[in-house]
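Please load the model in your viewer and keep the selection panel at hand.

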Amino acid sequence: MTAEAPTAPALSHGLLVPVTVHFDDLDALGLLHNARYPVLVERAWTELWAGYGFRFEGDWEAAGDACNAVKELTIGYQAPVTRPGAYAVHLWLDRLGTTGLTYGFRFCSADGATTYARGTRVLVRLDSRTLRPAPWSEAFRTAGRALLRPAD
């Protein structure tokens, strides 16, 4: 890790979702524990999708698109988070397939200017009865298209 966090450009895609780092999220050295980053990113995605009407409320059969599983997670830590407080997660989709998607994320300062970590995660939509891949609904795909990062 470097001592200074790199600065990110203004958002050109995706959304910035506020998150809070609490004192007990820090490790013995006073740094945000590495295992807390994915938890905070997951909470941001959960909030974002709930805003589109996609949520899990205890019934997998009724969960629809919220019935999914993580296939892969990568994360790179760029600078330490050294104190509790307000931060944000910048979220976007890199790929939206028939039964899966790849999303990108940055754990960053509340204004999105400073990046502390970045990564990707692959999700697979599951049929609640068979736990086999199943297609995303058209409503989910429509919401997802709004989050797609433009091609370079």
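Select Gly53, which takes a positive phi of about 95° just after H1, where helices (H or I, at least four residues) and strands (E, at least two) are DSSP runs numbered from the N terminus. Before going on, note that this is a predicted model, in which local features need pLDDT of at least 70, side-chain atom pairs count only at pLDDT 80 or more, and totals for chains, interfaces and linings use all residues. Residues are numbered from 1 along each chain as its sequence is written, and side-chain values use heavy atoms, with hydrogens and water left out.

**Helix H1**

Next select residues 36-51, the 16 residues of helix H1, whose first and last C-alpha atoms are 23 Å apart, close to the 22 Å expected at 1.5 Å a residue; that expected span is 1.5 Å times one less than the number of residues. Within H1, display the side chains of Tyr37, Leu40, Val41, Ala44, Trp45, Leu48 and Trp49, which are buried; buried means under 20% relative accessible area, exposed over 50%, and partly exposed in between (1.4 Å probe, protein chains only).

Is Glu42 buried or partly exposed? Its relative accessibility is 32%, so Glu42 counts as partly exposed. Leaving aside residues up to four places away in sequence, Glu42 touches Tyr103 and Arg121, a contact being heavy atoms within 4.5 Å. Glu42 and Arg121 are 79 residues apart along the chain, while their C-alpha atoms are separated by 10 Å.

**The whole chain**

Finally, select the protein chain, which has 3 helices and 5 strands and follows the pattern β-α-α-β-β-β-β-α when read along the sequence. Its C-alpha atoms fill a box of roughly 45 × 35 × 25 Å along the principal axes. Of the 152 residues, 39% count as buried. Among contacts with a separation of 6 or more, residues 24 or more positions apart account for 69%. The accessible surface comes to about 8400 Å², of which 54% belongs to carbon and sulfur atoms, with areas computed by the Shrake-Rupley method with a 1.4 Å probe, where for residues only the protein chains shown count as cover.
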